Amino acid sequence: MEEQESISYLTQQQAAEIDDLLMGTLGFTIDQLMELAGLSVASAVAEVYKPSEYNRVLVICGPGNNGGDGLVAARHLHHFGYKPSICYPKRTPKPLYAGLVTQLESLSVPFISVESLPQEFVNFDILVDAIFGFSFQGNPRPPFDDLITSLASLSAHYYHEHEKSPVIVSVDIPSGWHVEDGDRSGDGIKPDMLVSLTAPKLCARTFSGLYHFLGGRFVPPSVMQKYKLQLPTYPGTSMCVQIGKLRQIKVEDPVPAKFLQKIVEADPFVQFQKWFDDAVAAGLKDPDAMALSTASKDGKPSSRMVQLKKVHQGGFIWCSNYGSRKGREIAENPHASLLFYWNTLNRQVRVEGLVQKVSDEESEQYFCSRPREIQIAPAVSKQSTVIPGREALYQQCKELEEKYPEGNKIPRPQNWGGYRLIPGSFEFWQGDESSVHLRLRYSAQNSDGKTEWRIIQK
């Protein structure tokens, strides 16, 4: 991975001049460059976000060349095994773009209107921002202004309310950014991945997301010499190369406990989000895995690992079968605890409180956000019961798939839904090489109907 300082960054004028050269004396056509750009974007996405985990992709396309790059990327993502959908509000009648639309329609890739987009994009794993490129100037017009605002608020919303949120991938320029100055207001889109094309633009210096790739393996030596470009070497036959510094935590050197006490948040939910973000940035596998401990009415405990779905409305949410052992114990005794353990960072978080079911509307939303193959499992599963064998489950899954073929909605089982643990206490534990570990305990104090948190350092 190339270091940021060794790579050239283009001004808006230089980027425009290089495009003119490529499509002028150097003989490239716009459709050739668009094809190479879209393939580069799809390749970068596939490098990081595997279709087994990030299958549902929404590509938001603008009216110009950046939108065309998005259309091409969507076609390649389909062939890579993803399930792309397209939001293309302002179509152009030009044959090149009409042909791309026809190609996608022939693959049964759905086009979604702005009005039909799901609230907060909850039905998607990846959002590709292919709205505006480096040549755009002025203020975005409807409906793109609202779309950009929604993407910007989405990243801010999920910073405070964790769930496996859709990641944002911006093509060349995060839409709404100044090509050279970046996100001037500080309220713009904060993509998780930026795929620069040809060469990164000056705004990319301020990009602080996890992944920065360069795509467009077509810059001839004459252009590199003319503009004194320093570009990385593409590995093998790849159409993209990762550049910049991957934001990460130095996992071999955890924060010493004596320094941690100086950066404690007053709100335990904010403190949790900071630590969770650290676990994600460190590349830990399954940072959202948590041990859920429940107890029967006579106090006999049991524990198991579950996946955190979301932190929302003052609680930690996960989903399960209501008839499982944990479901039965919660019905008898709503007191429960959660434990997050991030071994590499030498950290753990304990959360204790009361559990309640979420609303049917929330459970329906969570069920519909799951990939189709994962929707089928809870529909046939009878957790914590004896079954005749795995073959019986496989047969039931097959029968359900035949009953609800691709394109048909699988109904949510009435015995499946979400739970929310409302914390009464948090405990953050940071290990230290000196064995003088730090524990921070937050205790909820109710005053005039409001929850206030008291911090006890141990």
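# Contacts, rings and strands in a predicted model

Tutor: The side chains of serine 175 and aspartate 129 are joined by a polar contact of 2.5 Å. This is a predicted model.

Student: What makes the link between serine 175 and aspartate 129 a polar contact?

Tutor: A polar contact needs a pair of N or O atoms within 3.5 Å, one able to donate a hydrogen and the other to accept it. The two side chains are joined at 2.5 Å, so the pair is counted. The side chain of aspartate 129 also makes a polar contact with the side chain of serine 170, at 2.8 Å.

Student: Which residues does UniProt list as "binding site"?

Tutor: The unreviewed UniProt entry places that feature at Asn66, Asp129 and Ser175. These residues are spread over 110 residues of sequence, yet they cluster in space, with a largest C-alpha distance of 9.9 Å.

Student: Is aspartate 129 buried or exposed, and how do you know?

Tutor: Its relative accessible area is 1%. Buried means under 20%, so aspartate 129 is buried. Aspartate 129 lies in strand β3, residues 126–130. Leaving aside neighbours within four places in sequence, aspartate 129 is in contact with residues including Asn66, Ser170, Ser175 and Ile189.

Student: How is serine 175 classed, and where does it lie?

Tutor: Serine 175 has a relative accessible area of 1%, under the 20% cut-off, so serine 175 is buried. It lies in the loop between β4 (167–171) and β5 (193–197). Not counting residues up to four places away in sequence, serine 175 touches Asp129, Ile131, Phe132, Ile148 and Ile189.

Student: Why is the ring pair of phenylalanine 426 and phenylalanine 428 given the class it has?

Tutor: The ring centres are 6.0 Å apart, and rings pair if their centres lie within 6.5 Å. The planes are at 5 degrees, and under 30 degrees counts as stacked, so this pair is stacked. Both phenylalanine 426 and phenylalanine 428 are buried.

Student: How many aromatic pairs are there, and which residues form a cluster?

Tutor: The count comes to 24 aromatic pairs. Ring pairs link a cluster that includes Phe269, Trp275, Phe340, Phe426, Phe428 and Trp453.

Student: What makes arginine 347 count as a charge over a ring?

Tutor: The charged end of arginine 347 sits over the ring of tryptophan 275, 4.4 Å from its centre. The distance limit is 6 Å, so 4.4 Å passes that part of the rule. Lysine 357 lies over the face of tyrosine 322, at 3.9 Å from the ring centre.

Student: Why is strand β1 described as largely enclosed?

Tutor: Six of the six residues of β1, residues 56–61, are buried, so the strand is largely enclosed by the rest of the structure. Arg56, Leu58 and Ile60 point one way from β1, while Val57, Val59 and Cys61 point the other way, and all are buried.

Student: How do you know that β1 and β2 pair?

Tutor: Pairing needs at least two bridges, and five bridges join β1 to β2 (residues 83–87), so the strands pair. They run parallel. Leucine 58 stands opposite serine 85 in β2.

Student: In which sense does β6 pair with β5, and in which with β7?

Tutor: β5 and β6 pair in the parallel sense over five bridges. In this pairing, methionine 193 has tyrosine 211 in β6 as its bridge partner. β6 and β7 (residues 240–243) pair in the antiparallel sense over four bridges. Histidine 212 has isoleucine 243 in β7 as its bridge partner. Of the five residues of β6 (211–215), four are buried.

Student: What makes the phi values of serine 108 and threonine 198 worth a remark?

Tutor: Most residues other than glycine have a negative phi. Serine 108 has a phi near 60 degrees, a positive value, and threonine 198 has a positive phi of about 70 degrees.

Student: Which of these two residues is buried and which is exposed?

Tutor: Serine 108 has a relative accessible area of 63%, over the 50% cut-off, so serine 108 is exposed. Threonine 198 is at 10%, under 20%, so threonine 198 is buried. Serine 108 lies in the loop between α4 (95–106) and β3, and threonine 198 in the loop between β5 and β6.

Student: What is the form of the peptide bond from proline 142 to proline 143?

Tutor: That bond is cis, with omega near 0 degrees. Most peptide bonds are trans. Proline 143 is in the loop between β3 and α5 (144–160).

Terms used:
Residues are numbered from 1 along each chain as its sequence is written. This is a predicted model: local features need pLDDT of at least 70, side-chain atom pairs count only at pLDDT 80 or more; totals for chains, interfaces and linings use all residues. Side-chain values use heavy atoms; hydrogens and water are left out. UniProt positions are given in the numbering used here, feature names are shortened, and annotations may be inferred rather than shown by experiment. Buried means under 20% relative accessible area, exposed over 50%, partly exposed in between (1.4 Å probe, protein chains only). Contact means heavy atoms within 4.5 Å. Rings of Phe, Tyr and Trp (its six-membered ring) pair if their centres lie within 6.5 Å; planes under 30 degrees apart count as stacked, over 60 as edge-to-face and the rest as tilted. A charge sits over a ring if NZ of Lys or CZ of Arg is within 6 Å of the ring centre and within 35 degrees of the ring normal.
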